4 protein chains.
Amino acid sequence: MELATETHVRVRYAETDNMGVVYYSNYLVWMEVGRVELCRALGFEYREMERQDGILLAVAEANCRYLAPARFDDQVIVRTWVEKANRRMAMFGYEMRLAGHDVKLAAGYTKHLFLTRDMRPASLPEKYWSMFGIRAANASYDRSTVSR
Amino acid sequence: MELATETHVRVRYAETDNMGVVYYSNYLVWMEVGRVELCRALGFEYREMERQDGILLAVAEANCRYLAPARFDDQVIVRTWVEKANRRMAMFGYEMRLAGHDVKLAAGYTKHLFLTRDMRPASLPEKYWSMFGIRAANASYDRSTVSR
Amino acid sequence: MELATETHVRVRYAETDNMGVVYYSNYLVWMEVGRVELCRALGFEYREMERQDGILLAVAEANCRYLAPARFDDQVIVRTWVEKANRRMAMFGYEMRLAGHDVKLAAGYTKHLFLTRDMRPASLPEKYWSMFGIRAANASYDRSTVSR
Amino acid sequence: MELATETHVRVRYAETDNMGVVYYSNYLVWMEVGRVELCRALGFEYREMERQDGILLAVAEANCRYLAPARFDDQVIVRTWVEKANRRMAMFGYEMRLAGHDVKLAAGYTKHLFLTRDMRPASLPEKYWSMFGIRAANASYDRSTVSR
């Protein structure tokens with residue numbers, strides 16, 4: 001596997017704040033944009049998993065370190081990958097850079113639980129396993145231990 | 001009827017933009033806050049209408065005129081009232097002022113259709129009529145024609 | 001002139017609400033995205049007008065009619081054009097459609113005043129006139145009266 | 001010191017998403033609401049520090065663990081305190097609970113650097129030290145080591 005996607009987002013005026021830079025919660029929205037793109041690249045539509053299989057990817061934790069400010073109209077590249085995954089949870093990693101410059105804006109991760117529509121723990125259907133790098137029922141994927 | 005509510009919102013940093021003032025779409029969010037408060041004052045919880053009766057108040061039109069900028073940490077008073085209503089639709093009016101000052105920030109309206117959960121036109125259940133100033137099945141409420 | 005741009009935005013999960021559709025204030029954010037693209041197509045960067053000339057495009061009015069709901073992951077086309085303009089103000093028109101379908105989602109307009117950084121009325125510098133269809137100091141552009 | 005504030009926010013429809021719960025980035029906005037209230041309780045207005053002293057509290061890291069979902073119209077209590085501080089940085093802690101219920105919704109922290117308006121590291125002016133629990137130029141406040 002070891003797939004990562006790069007998604008471009010252009011900073012909206014709506015996303016800036018009184019300091020003239022992007023307000024900090026918007027990086028979590030960009031992470032979502034990157035995550036949805038990564039899922040598509042991995043071979044499934046996030047919304048179909050929700051509609052067809054009734055599986056939600058509920059956020060359990062989000063973390064972002066802010067390294068340099070982004071400003072209105074900047075082109076931001078959101079790099080996204082699966083950091084860890086097993087049948088119960090998935091962890092995504094993110095890195096945001098300014099397009100055309102060697103500037104790292106932010107880095108972070110989100111941890112998610114697979115849930116049913118009524119918000120109870122679910123087990124990821126087998127058809128999705130390989131997309132998350134999971135090989136068997138007991139197996140978990142961990143990017144850091146995968147030989148690259 | 002002729003009820004109007006006044007709701008206080010304090011400007012969040014998240015709501016400001018690069019110009020140092022509140023970004024224009026946030027006034028529509030404040031209208032929602034005022035609308036929900038008005039519904040509560042009229043005697044029903046917006047979310048119960050949605051949960052119990054399956055009636056959604058879908059927005060058909062929104063309008064806002066911006067008169068003076070609001071800034072971070074300002075206290076804003078959102079005045080909200082029913083402008084018109086019948087069994088098919090309701091129109092709310094809004095006025096935003098700066099608390100403690102005689103400054104009108106914005107004014108506007110939203111028009112809503114009563115819809116079922118699957119987004120089809122619904123007829124407002126009779127128990128809600130009086131809250132919207134509707135007196136009979138064919139009647140419509142129009143604030144501008146009500147003697148005050 | 002008679003230039004219109006078409007900008008694509010993909011609906012973010014962040015933009016949806018409890019009803020399963022896009023929350024109504026987000027259409028105004030998409031209008032901004034369309035407006036910035038239109039400015040770029042007309043030959044100037046919105047942020048440079050702000051930085052270099054100290055001219056802000058402050059919103060005076062916004063209007064949106066909602067015709068059909070947009071949902072998570074939908075591709076939305078935002079069509080944007082200058083509806084009217086003179087040295088004091090500009091009015092933009094918008095139409096949102098669902099990509100790949102003949103479904104009109106929303107239509108609206110925004111009116112803007114040219115302001116200085118300290119929020120006082122400004123006169124649009126001459127170098128920008130032609131971009132807005134303005135021909136002379138007293139002239140105003142009105143799309144509806146332009147022979148097409 | 002050891003001051004903590006409790007701020008109430010009512011969940012806006014705008015803050016919910018397609019899952020019927022509050023979208024995850026909005027918890028960071030509530031943290032900001034709590035932080036601003038805490039600053040006020042500590043004896044200074046956040047916006048005055050920015051206006052008068054030109055000191056910005058730029059976010060360096062944000063973390064949130066999501067424990068239970070919040071829904072439209074819920075009353076949320078945001079408990080906020082200073083976790084650590086010295087002249088260069090401040091770290092705030094947060095806990096969100098559902099009002100009237102013993103349900104913890106989320107917990108997290110934010111780390112901030114004191115910056116000048118042009119985004120360079122600043123040293124917190126002495127008049128603010130005591131508010132952050134800082135006693136001397138070299139001192140740092142750490143809640144976990146303060147005898148309570």
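How many residues of chain A are in contact with chain C? Twelve residues of chain A are in contact with eleven residues of chain C. This is a predicted model. Chain A also meets chain D, where 16 residues of chain D contact 16 residues of chain A.

**Chain A with chain C**

- Two helices of chain A, α1 (26–42) and α2 (46–52), each supply at least two residues of the side that touches chain C.
- α1(A) gives the most to this side, with four residues.
- By class, the side of chain A that touches chain C holds seven nonpolar and five charged residues. It has no polar residues.
- A rotation of 180°, with 0.0 Å of shift along its axis, superposes chain A on chain C. The RMSD is 0.0 Å.
- Of the residues of chain A, A:Val9 comes closest to that rotation axis, with its C-alpha at 5.0 Å.
- The same surface serves both copies, as 92% of the contact residues of chain A recur in chain C.

**Chain D with chain A**

- On the side of chain D that touches chain A, the elements giving two or more residues are α1 (26–42) and β2 (55–66) of chain D.
- β2(D) gives the most to this side, with nine residues.
- The residues of this side of chain D divide into twelve nonpolar, two polar and two charged.
- In β2(D), D:Ala62 is the bridge partner of A:Cys64.

**Symmetry of chains D and A**

- Chain D is superposed on chain A by a rotation of 180° with 0.0 Å of shift along the axis. The RMSD is 0.0 Å.
- That is the relation of a two-fold axis.
- In chain D, the C-alpha nearest the axis belongs to D:Asn63, 2.2 Å from it.
- The same surface serves both copies: 100% of the contact residues of chain D recur in chain A.

**A:Lys104**

- A:Lys104 sits in strand β5 (residues 103–115) of chain A.
- Leaving out residues up to four places away in sequence, A:Lys104 touches A:Leu67, A:Ala68, A:Glu95 and A:Arg97.
- A:Val76 is 28 residues from A:Lys104 along the chain, and their C-alpha atoms are separated by 9.6 Å.

**Helix α1 of chain B**

- Helix α1 of chain B covers residues 26–42, which is 17 residues. At 1.5 Å a residue, α1(B) should span 24 Å. Its end C-alpha atoms are 24 Å apart, so the two values agree.
- Twelve of the 17 residues of α1(B) are buried, so the helix is largely enclosed by the rest of the structure.
- Just after α1(B), B:Gly43 takes a positive phi of about 115°.

Conventions. Residues numbered from 1 in each chain as written. Chains lettered and ligands numbered in written order. Predicted model: local features only at pLDDT ≥ 70, side-chain atom pairs only at ≥ 80, totals over all residues. Contact = placed C-beta atoms within 7 Å. Nonpolar A, V, L, I, M, F, W, Y, C, P; charged D, E, K, R; others polar. Pairing = 2+ DSSP bridges. Least-squares fit on C-alpha atoms with pLDDT ≥ 70 in both. Expected span 1.5 Å × (residues − 1). Buried ≥ 20, exposed ≤ 12 C-beta atoms within 10 Å, placed from the backbone.
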